[in-house]
Amino acid sequence: MASNNRTYIQLFDGSLPTLDEACHLVASDSAGAISTFSGTTRDNFNGKQVLKLEYEGYGPMAEKILQELVEETRSKWEIQHVLVYHRLNEVPIGEASVIIAVSSAHRREAMQAVEYLIDELKIRCPIWKKEFYVDGSIWKGSCE
Amino acid sequence: MASNNRTYIQLFDGSLPTLDEACHLVASDSAGAISTFSGTTRDNFNGKQVLKLEYEGYGPMAEKILQELVEETRSKWEIQHVLVYHRLNEVPIGEASVIIAVSSAHRREAMQAVEYLIDELKIRCPIWKKEFYVDGSIWKGSCE
Amino acid sequence: MLDSDNSKQINVLYFAAAKEITGLSSEELDLPPTLKHLTEILTCKYGDELRKIVDHSLYAINMEYIEKKDEANTGLKDKDEIAIIPPVSGG
Amino acid sequence: MLDSDNSKQINVLYFAAAKEITGLSSEELDLPPTLKHLTEILTCKYGDELRKIVDHSLYAINMEYIEKKDEANTGLKDKDEIAIIPPVSGG
């Protein structure tokens with residue numbers, strides 16, 4: 001079974017595929033659970049209005065790290081298919097910057113795997129977010 | 001803000017709406033996270049092939065319990081919009097029997113809320129699954 | 001007097017395995033004083049097969065779960081909707 | 001001999017705040033012996049503003065993170081791709 005498990009990792013310059021497309025890719029008749037996480041760009045940070053957001057990435061390394069994260073995740077939980085999509089460049093407010101989807105036979109594994117993937121992505125994946133306010137812009141990360 | 005939070009609870013006799021429709025309902029520009037769980041019908045149980053599945057529900061009480069669960073969830077985590085859809089009657093293999101979607105400003109809350117909702121739904125919501133095998137059928141629940 | 005008492009009814013709902021044993025999704029029964037009495041009436045009517053289901057189920061009165069230990073002292077009243085809730089398996 | 005050494009190069013990648021300070025997304029530099037030496041060269045070239053970024057960043061050599069404490073004894077070789085990775089904020 002393990003050898004049939006699929007992994008989808010991709011960085012996108014524009015809009016991400018829909019969650020339905022993501023779920024379709026990870027679905028299988030032997031999976032009873034699909035867990036997803038969508039990170040969407042928020043219109044505020046600490047009460048300050050965010051006008052727009054841009055993501056910059058070290059593409060090849062980001063993909064390599066995501067691949068490693070998926071392997072770690074598979075070693076921790078019995079999961080089937082995994083998808084991690086991240087969007088770069090400008091992301092309009094309210095649109096998804098990241099989508100994670102995991103399928104598994106039983107629900108706990110899919111949910112914990114998704115949580116681990118988004119947590120570790122935020123710690124280790126070389127992608128940076130810049131928020132633009134009325135009075136300037138800031139690279140997120142160091143000051144959070 | 002709390003008064004603007006929306007709750008969508010519904011039982012369906014046929015196919016559930018898509019995950020994209022569910023996410024669209026819970027999305028908001030101030031929510032940075034949407035977490036979802038889809039429970040799909042599996043083609044096997046303990047290695048035995050499942051031919052079809054049927055769900056029966058005590059509809060009015062199921063909706064009441066789900067409403068209570070959402071209220072409990074809101075009291076535990078700062079979340080925005082919540083959706084819980086459950087399908088009744090026959091559900092073809094591979095299709096969703098339950099969809100949960102939660103939005104929140106920060107990711108942890110949405111993920112934990114979804115996990116709590118599906119866990120408690122499975123413990124308390126008066127809905128029953130019957131699995132049909134080649135050699136008979138069984139109501140799930142007591143023997144798991 | 002007796003006649004007036006007998007006019008008090010409860011509506012009993014059957015689901016899943018309980019529905020298959022009784023062959024009914026619901027029925028009206030004369031009002032028993034407590035859930036424990038109801039279990040006896042149902043056992044009498046449908047036999048040990050249903051009794052076993054009830055032993056592993058919870059009752060709900062008007063869509064509120066009643067804890068197992070409270071069945072003996074939970075009184076019923078006219079027009080109550082009583083459901084037998086076998087272990088659930090939704091999701 | 002000196003000339004031959006100087007022909008050894010590394011490619012340094014700048015992202016986010018580091019890219020804004022240098023005004024470059026990457027540049028070729030003569031091979032320094034260690035990451036610690038690279039930090040000194042970069043400080044010299046771009047000042048304390050970049051130094052502060054580097055202090056709060058990790059280096060990656062050929063897409064492998066190097067722990068902060070190993071920078072002084074991590075040797076570099078010809079054609080290495082060195083990236084300054086400020087604290088990440090994807091997701």
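1. A salt bridge is a side-chain nitrogen of Lys or Arg within 4 Å of a carboxyl oxygen of Asp or Glu. Over all chains the count comes to 46 salt bridges.

2. Some ground rules follow. This is a predicted model, in which local features need pLDDT of at least 70 and side-chain atom pairs count only at pLDDT 80 or more, while totals for chains, interfaces and linings use all residues. Residues are numbered from 1 along each chain as its sequence is written, chains are lettered from A and ligands numbered from 1 in the order in which they are written, and side-chain values use heavy atoms, with hydrogens and water left out.

3. Next, the interface of chain A and chain D. Contact means heavy atoms within 4.5 Å. On that basis, 27 residues of chain A are in contact with 20 residues of chain D. Buried area is the accessible area (1.4 Å probe) that two parts lose on being put together, summed over both. For chain A and chain D this is about 1800 Å², with 60% of it on carbon and sulfur atoms. On the side of chain A, the residues that lose the most area to chain D are A:Tyr58, A:Met61 and A:Trp128, together 34% of what that side buries.

4. Across the interface of chain A and chain D, 17 residue pairs are in polar contact (both at pLDDT 80 or more).

5. Which elements of chain A each supply at least two residues of the side that touches chain D? They are strand 5 (52-57), helix 2 (59-76), strand 8 (96-104), helix 3 (107-124) and strand 9 (127-133). Helices (H or I, at least four residues) and strands (E, at least two) are DSSP runs, numbered from the N terminus. Helix 3 of chain A gives the largest share, five residues. By class, the side of chain A that touches chain D has 14 nonpolar, five polar and eight charged residues. Here Ala, Val, Leu, Ile, Met, Phe, Trp, Tyr, Cys and Pro count as nonpolar, Asp, Glu, Lys and Arg as charged, and the others, Gly among them, as polar.

6. Chain B and chain A form another interface, with 32 residues from chain B and 32 residues from chain A in the contact. The two chains bury about 2600 Å² between them, 47% of it on carbon and sulfur atoms. B:Asp29, B:Arg42 and B:Arg107 supply 21% of the area that chain B buries against chain A, more than any other three residues.

7. How many salt bridges lie between chain B and chain A? The count is six. B:Arg108 and A:Asp119 form a salt bridge at 2.9 Å, N to O. The elements of chain B that give two or more residues to the side touching chain A are helix 1 (19-26), strand 2 (33-40) and helix 3. That side of chain B divides into 10 nonpolar, 13 polar and nine charged residues.

8. Chain B also pairs with chain C. The side chains of B:Lys130 and C:Glu20 meet in a salt bridge of 2.2 Å, N to O. B:Lys130 lies in strand 9 (residues 127-133) of chain B and C:Glu20 in helix 2 (residues 16-22) of chain C, so the pair joins two chains. Buried means under 20% relative accessible area, exposed over 50%, partly exposed in between (1.4 Å probe, protein chains only). B:Lys130 counts as buried because its relative accessibility is 10%, whereas C:Glu20, at 45%, counts as partly exposed.

9. Is B:Glu131 buried or exposed? B:Glu131 counts as buried because its relative accessibility is 4%. This residue is found in strand 9 of chain B. Its side chain makes a polar contact of 2.6 Å with the side chain of B:Tyr133. Not counting residues up to four places away in sequence, B:Glu131 touches several residues, including B:Phe45, B:Lys52 and B:Ile138.

Note on methods. A polar contact is a pair of N or O atoms within 3.5 Å; within protein, one must be able to donate a hydrogen and the other to accept it, and residues adjacent in sequence count only if both atoms are side-chain atoms.
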